[in-house]
Amino acid sequence: MCLTLHEAIYACRMFNDQLEVACRDFADRHPQSRLHFDEARKYMPGGHTRTVLTHLPFPVAFASGDGATLEDVDGHSYIDLLGDYTAGLLGHSERRVLDPVVAALANNVSVGGVHPAEAQLSRLMCSRFGIDRVRFTNSGTEANLMAITTAIQATSRRQVLVFSGGYHGGVLYFVSGPAPWNAPYEFVIAPYNDADATEVIIQEHASELAAVVFEPMQGSGGCLPADAEFVQRTCTAARSVGAIVIADEVMTSRHGRSGMLHLLGEVADITTYGKYLGGGFSFGAFGGRAELLDQFDTSLEGGRLVTGRQVISHAGTFNNNMASMTAGCAVLGEVFTADVAESHTKRGEEFRESVASVLARHALPMSVTGFGSMMSLHALATAPQTINDVFLRDEVLQELVFLGLHERGIYIAARGMMNVGLAHTDDQLARALDALDETLGAIAGN
Ligand SMILES: Cc1ncc(COP(=O)(O)O)c(C=O)c1O
């Protein structure tokens, strides 16, 4: 839909007034969360330890979760349509994961040595994702830092090409330009989904590029999927100059049988993983071609470390922690099998189409983007293609939609992200669509 200037100014004032009321109502409904927030702020700057969780007027504190629902400390219950930014794919009470974890922890919490679960998980990951070798970390951020390190060591080059709108962790942030606090790699930034420009930039840096890092769909950037041609041309150009292709599938490995890049017809040299694979426990991993990953191989030969080659040391007290390794085995081995992943991707696509139909019923500038079970609402009349489009959103309307859904018991990300999980029932997804319909109707005044 397209508004005249007069209509746009009127809508802007109307949305601002509504937002003030919505924030007041929110505060009235959540006195215990408010107390929690005020207390937490005394000891944690901003009252949190994860920036993405803050929103107007303050975040609610959650007390418990069950299946696909959450309950806050004021006793309100929500359909959890965020799924912890994709880490909570399984919901809050998947016994097939929790039971083996509890049993493993009853045996030993912290081994300080290698153990069978990590070897089993590495085997499951290699066969599921078509990689030769894998190593575990504590988070997706660490996985990306290690993947980039691997490429730099393998190529003896220093530059790393990333894309505007990309997010690879707190210190690998390119959503609104490169963050000043980013890890001090030599970054080169190219426009996402622009194959022509990317090829030129890769050629310009041909002899210095260690790696090209990209998300098959920019998740934090607003669920903006890459198009297949862009991905294929980028990978070809990277390889033609000897750069390592790193696919960040920390969020998107849930799509299809072996991750989203496979669906786009490409294979990376190194892929990074995280989120749901740890079944809700902290998790990260990077894996790929043997000749790259074997830089970490410390195998003894004849009782001695192989000499004459530089082995990369990879530390991390909790890399192979018992809870995450055991959970990962249950996730990949039993719960989120390749067949389940494939059908879940389809289910997510259907839900996104239903969301688009609800949006189309209302005279508000709203659109939805995404792929499979990951999607994002945008306060924009036309679905954004790049991060520059996302910057044009009406952020007041965006907040209003978030708060309207919140009030109606649907929990999504303040920035608009929604993820369909395995625990959602059809009835819960239908209720979420009804809540969206009501929210938009209330904002539009019909
Ligand atoms: C694509 C992508 N890469 C990396 C990360 C960082 O993962 P973590 O939060 O586990 O450090 C995220 C987190 O949202 C992500 O979306």
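Predicted model: local features only at pLDDT ≥ 70, side-chain atom pairs only at ≥ 80, totals over all residues.
Q: How do I read the domains, and where do they lie?
A: Domain bounds come from an automatic or database domain assignment. Here that assignment gives domain 1 as 5-89 + 346-444 and domain 2 as 95-335. Taken over C-alpha atoms, their centres are 29 Å apart.

Q: How many residues of domain 1 are in contact with domain 2?
A: Two residues are in contact if their C-beta atoms, placed from the backbone, lie within 7 Å. By that rule, 19 residues of domain 1 meet 20 residues of domain 2. On the domain 1 side, strand E15 (367-371), strand E16 (374-378) and helix H12 (387-390) each bring at least two residues. E16 gives the most, with four residues.

Q: What are those strand and helix labels?
A: They're DSSP runs, numbered from the N terminus: helices are H or I with at least four residues, strands are E with at least two.

Q: Which strands make up the open sheet, and in what order?
A: Two strands pair if DSSP finds at least two bridges between them. The open sheet has four strands in the order E1-E2-E3-E17, with mixed pairing. Strand E1 (62-66) and E17 are at the edges with a single partner strand each, so one side of each has no neighbour in the sheet.

Q: How does E3 pair with the strands beside it?
A: With E2 (residues 69-72), E3 (residues 77-80) runs antiparallel, joined by three bridges. Leucine 70 has tyrosine 78 as its bridge partner, and glutamate 71 has serine 77. The two strands form a hairpin with four residues between them, and glycine 75 in the turn has a positive phi of about 90 degrees. With E17 (residues 410-411), E3 pairs in the parallel sense over two bridges; there, isoleucine 79 stands opposite isoleucine 410.

Q: How do I compare a helix's reach with its expected span, say for H5?
A: The expected span is 1.5 Å times one less than the number of residues. H5 (residues 140-155) has 16 residues and reaches 23 Å from first C-alpha to last, close to the expected 22 Å. Just after H5, serine 156 takes a positive phi of about 55 degrees.

Q: How many residues of H5 are buried?
A: A residue is buried if 20 or more other C-beta atoms lie within 10 Å of its own, exposed if 12 or fewer, and partly exposed in between, with C-beta atoms placed from the backbone. In H5, 12 of the 16 residues are buried, so the helix is largely enclosed by the rest of the structure. Gly140, Thr141 and Met146 are among them.

Q: And what about H13?
A: H13 (residues 395-407) has 13 residues and reaches 18 Å, close to the 18 Å expected. Here 10 of the 13 residues are buried, so H13 is also largely enclosed by the rest of the structure. Including Phe402 and His406, they're listed between Leu397 and His406. After H13 comes glycine 409, whose phi is positive, near 80 degrees.

Q: Which residues are closest to the ligand?
A: A residue is near a molecule if its C-beta atom, placed from the backbone, lies within 6 Å of it. Of the 16 residues surrounding the ligand, the closest are Ser139, Gly140, Thr141, Gly169 and Val250. H5 gives the largest share of this shell, three residues.

Terms used
Residues numbered from 1 in each chain as written.
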